[in-house]
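This report covers helix packing and the protein surface beside the DNA. The structure comes first.

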There are 2 protein chains.
Amino acid sequence: MPNAPLTEATLELIARRFRTLGEPFRLRILQHLEQGECTVGELVELLDGNQSNVSKHLQLLYDAGLVTRRREGNSIFYSIGDPLVFKLCRMVCQSEADKSRRDLKELTRPPGRKATR
Amino acid sequence: MPNAPLTEATLELIARRFRTLGEPFRLRILQHLEQGECTVGELVELLDGNQSNVSKHLQLLYDAGLVTRRREGNSIFYSIGDPLVFKLCRMVCQSEADKSRRDLKELTRPPGRKATR
DNA sequence: TGACTATATTACCATATGACAATATAGTTG
DNA sequence: CAACTATATTGTCATATGGTAATATAGTCA
């Protein structure tokens, strides 16, 4: 967060963005799109999903500006609209890994030391 | 996202983390904690919130490893447990700003050009 | 135009989540 | 121990969200 406090509206925007990324299924979609653009049908197959469901998630991602799309004949091709996503995921992954390491250390630490709580 | 595809479980973890950050109220809490540690009561006052509500959000943040806490007498002091949060928010802010700039450009562009739809 | 394909939208249900009030728990102080 | 303070937990309600089936829309092709 920048040093100046954020306005209510900005916080809402940021939160919305995080919420959009807060669905495993949408992350899976993004992960697939990282390999290159995909039609809805391809994603439905690849992710073994329901057509309307995939479509709805894609719409959400689109509204959030996380993916772009283009029509070609009957099909619509989706692709990554904001590579930032992957950076964010990598950072979260890293942080999760660190946390796990800390937890492990904590759990395997020889007893007799004061526990944090 | 790392280059190797992530497992279902990992995606769930990442999604959960994003979801935790997907609440304006929790972001407000984190924003306050950035200034330094705070008791629950202080946060309730500062954020003009309901005690049980604040407490619940703090619990969520704690479970996610985003904040730490320590007891001192009757009070419990919370503080930032993972500064990563602010980096993430900054990045999202940046990205939102970029998006706004693009939107603006798009909307004010002289007519007659093909729209990207 | 009518049949067909691909995608989006709508409607419905079940579940998750946030706000809030009420209650429980833990610590302090007399 | 009783009274008090600070925080956590529980229960309830309203709303949001995901999954899915049904339907609508847009484009293609004969």
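## Helix packing and the DNA-side surface

In helix 2 of chain A, A:Phe25, A:Arg26 and A:Ile29 make contact with A:His57, A:Leu58, A:Leu60 and A:Leu61 of helix 4 of chain A. By class, the residues of this contact are 5 nonpolar, 1 polar and 1 charged. The model is predicted. The axes of helix 2 (residues 24-33) and helix 4 of chain A come within 10 Å. They cross at roughly 75°. Angles of 65 to 115 degrees count as roughly perpendicular, so helix 2 of chain A is roughly perpendicular to helix 4 of chain A.

Helix 4 of chain A also faces the DNA side. It gives the most to the surface near DNA strand C, with 6 residues. Helix 3 (40-46) and strand 3 (75-80) of chain A each supply at least two residues there, as does helix 4 (51-63) of chain B. Of the 21 residues around DNA strand C, A:Thr39, A:Val40, A:Gly41, A:Ser52 and B:Ser52 come nearest. The classes on this surface are as follows.

| Class | Residues near DNA strand C |
|---|---|
| Nonpolar | 4 residues |
| Polar | 13 residues |

Chain B holds another helix to inspect. Helix 5 of chain B runs over residues 84-108 and has 25 residues. From its first C-alpha to its last, helix 5 of chain B reaches 36 Å. That is close to the 36 Å expected at 1.5 Å a residue. Which residues of helix 5 of chain B are buried? They are B:Val85, B:Leu88, B:Cys89, B:Val92 and B:Ser95.

Note on methods: Residues are numbered from 1 along each chain as its sequence is written. Chains are lettered from A and ligands numbered from 1 in the order in which they are written. This is a predicted model: local features need pLDDT of at least 70, side-chain atom pairs count only at pLDDT 80 or more; totals for chains, interfaces and linings use all residues. A residue is near a molecule or strand if its C-beta atom, placed from the backbone, lies within 6 Å of it. Helices (H or I, at least four residues) and strands (E, at least two) are DSSP runs, numbered from the N terminus. Ala, Val, Leu, Ile, Met, Phe, Trp, Tyr, Cys and Pro count as nonpolar, Asp, Glu, Lys and Arg as charged, and the others, Gly among them, as polar. The expected span of a helix is 1.5 Å times one less than its number of residues. A residue is buried if 20 or more other C-beta atoms lie within 10 Å of its own, exposed if 12 or fewer, and partly exposed in between; C-beta atoms are placed from the backbone. Axes are lines fitted to C-alpha atoms, for helices over the stretch in contact, and angles run from 0 to 180 degrees between N-to-C directions. Angles under 35 degrees count as roughly parallel, over 145 as roughly antiparallel, 65 to 115 as roughly perpendicular and the rest as oblique. Two residues are in contact if their C-beta atoms, placed from the backbone, lie within 7 Å.
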